[in-house]
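Have a look at the model first, then read on.

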Amino acid sequence: MSNNYLAITIGPIYKMMQEARKTRELWSVSFTFSRLMKHVIDAFCENGQLLSPSKNVKQPLHGAGVFPDRCYFKLSGDFLKNNDISDIKARAFKNFGDDTGIRSGVEDYQVYVVQAKINSHPVGTLNTMLDTLELQQKYSQQTTLNWSEYWNPKASMLFFQNLYKKAYDKNDVLPNLLVNNATFIKRFPSIPEIATNELAKRHTEKYWRALGYLGIDTGSGVLEFQNLNKQINVAEPDDDTEIIDTIKKTFPEDFLTRHKYFTVVQADGDNVGKLIKAIEVSGGNLNNFSNALNNFASKAAGLLVLYGGFPVYIGGDDLLFFAPLANNENNDLFTVKFPRPDGTFGSVFGNNLFFLLSKLNEEFQIQLKPVTDLYND
């Protein structure tokens with residue numbers, strides 16, 4: 001029996017990411033696209049059943065964008081007319097603008113819709129249709145969004161602070177730092193701050209005081225670093241070279257060569273498309289699969305923060321995050337055991353990125369195992 005289905009893709013994500021010049025700008029592109037998809041899904045849900053992503057997407061996940069760039073619906077009636085689709089998109093963009101402060105709308109963030117009558121394998125079929133749509137290069141080749149309006153150092157604080165309030169819990173991974181006598185701000189870390197995250201954890205007060213902050217909200221109270229009456233014009237540091245030089249001078253004994261570097265990791269799960277097809281062919285429940293991915297996202301976000309990383313996007317089987325090369329503060333939390341010839345077990349402290357990646361891979365397999373066991377060849 002045929003049913004009517006609708007699928008949506010949004011963009012141009014990578015083109016906008018290419019415009020980012022700082023870590024917080026790259027993060028904001030990912031997070032705002034995630035929020036756009038949230039509002040698109042909310043608006044179109046009135047017209048049918050959401051098949052993917054799951055309705056149970058967990059948020060916030062330590063600042064990570066959690067909604068993917070595609071979604072799929074089983075319509076409750078006939079195909080939507082073009083005027084109806086335009087009205088729904090306009091409502092989604094209004095809510096998106098109210099949420100993020102970005103008002104540019106359809107001209108810059110694109111939302112494309114396909115509809116089809118399908119007998120079986122709806123998600124796989126719709127996914128192929130969306131692939132074809134994107135290959136037709138219907139996305140605009142140049143974005144017109146005036147990011148300088150939002151990313152200008154003189155005007156960006158309110159924009160980023162608004163996003164951070166939606167992306168992070170009160171006592172989350174981004175510290176609440178005190179500037180300008182009475183103003184608290186959160187700050188997505190710069191490259192040198194990511195690379196030296198373990199120093200910030202080990203010497204919290206000395207670290208942030210060196211960068212010019214007046215205090216920090218610890219959750220149990222405000223810790224003032226300096227006399228606020230004497231320093232009321234401290235500005236948020238914005239120059240990466242100046243930041244790394246300051247950290248090196250402040251911690252001459254602790255600063256290591258690896259503190260000059262950081263990593264950007266982009267990863268996705270193997271054979272996920274094949275698994276979705278197997279579930280649909282057998283008439284299985286895609287919700288169980290989506291919920292397993294949600295559980296992985298939650299676990300992965302926790303592991304990243306435990307290590308000292310900063311999630312940018314965790315949705316479906318995809319990961320994008322910043323991380324230091326190593327973190328000696330938490331080496332005992334990634335211990336890897338190995339068998340000895342005599343039957344006993346030894347262990348290696350997992351304090352670097354490779355142990356983190358291994359742990360993430362292990363967690364992915366654990367969370368997906370109940371689903372993959374049902375559909376193995």
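What follows covers the cysteines and then the aromatic side chains.

This is a predicted model, in which local features need pLDDT of at least 70, side-chain atom pairs count only at pLDDT 80 or more, and totals for chains, interfaces and linings use all residues. Residues are numbered from 1 along each chain as its sequence is written, and side-chain values use heavy atoms, with hydrogens and water left out.

**Cysteines**

- The count of disulfides (pairs of cysteine sulfur atoms within 2.5 Å) comes to 0.
- C45 is in no disulfide, and the nearest cysteine sulfur, that of C71, lies 8.2 Å away.
- C71 is in no disulfide either, its nearest cysteine sulfur being that of C45 at 8.2 Å.
- C45 is partly exposed at 28% relative accessibility, while C71 is buried at 0%; buried means under 20% relative accessible area, exposed over 50%, and partly exposed in between, using a 1.4 Å probe and protein chains only.

**Aromatic rings**

- There are 17 aromatic pairs, where rings of Phe, Tyr and Trp (its six-membered ring) pair if their centres lie within 6.5 Å; planes under 30 degrees apart count as stacked, over 60 as edge-to-face and the rest as tilted.
- Y164 and Y168 make an edge-to-face pair, 6.0 Å centre to centre with 70° between the planes, and both residues are buried.
- W208 and Y213 are edge-to-face because their ring centres are 5.7 Å apart and their planes stand at 75°.
- W208 is buried at 8% relative accessibility, and Y213 is buried at 0%.
- One aromatic cluster is formed by W27, F31, F159, F160, Y164, Y168, F188, F262, F310 and F322.
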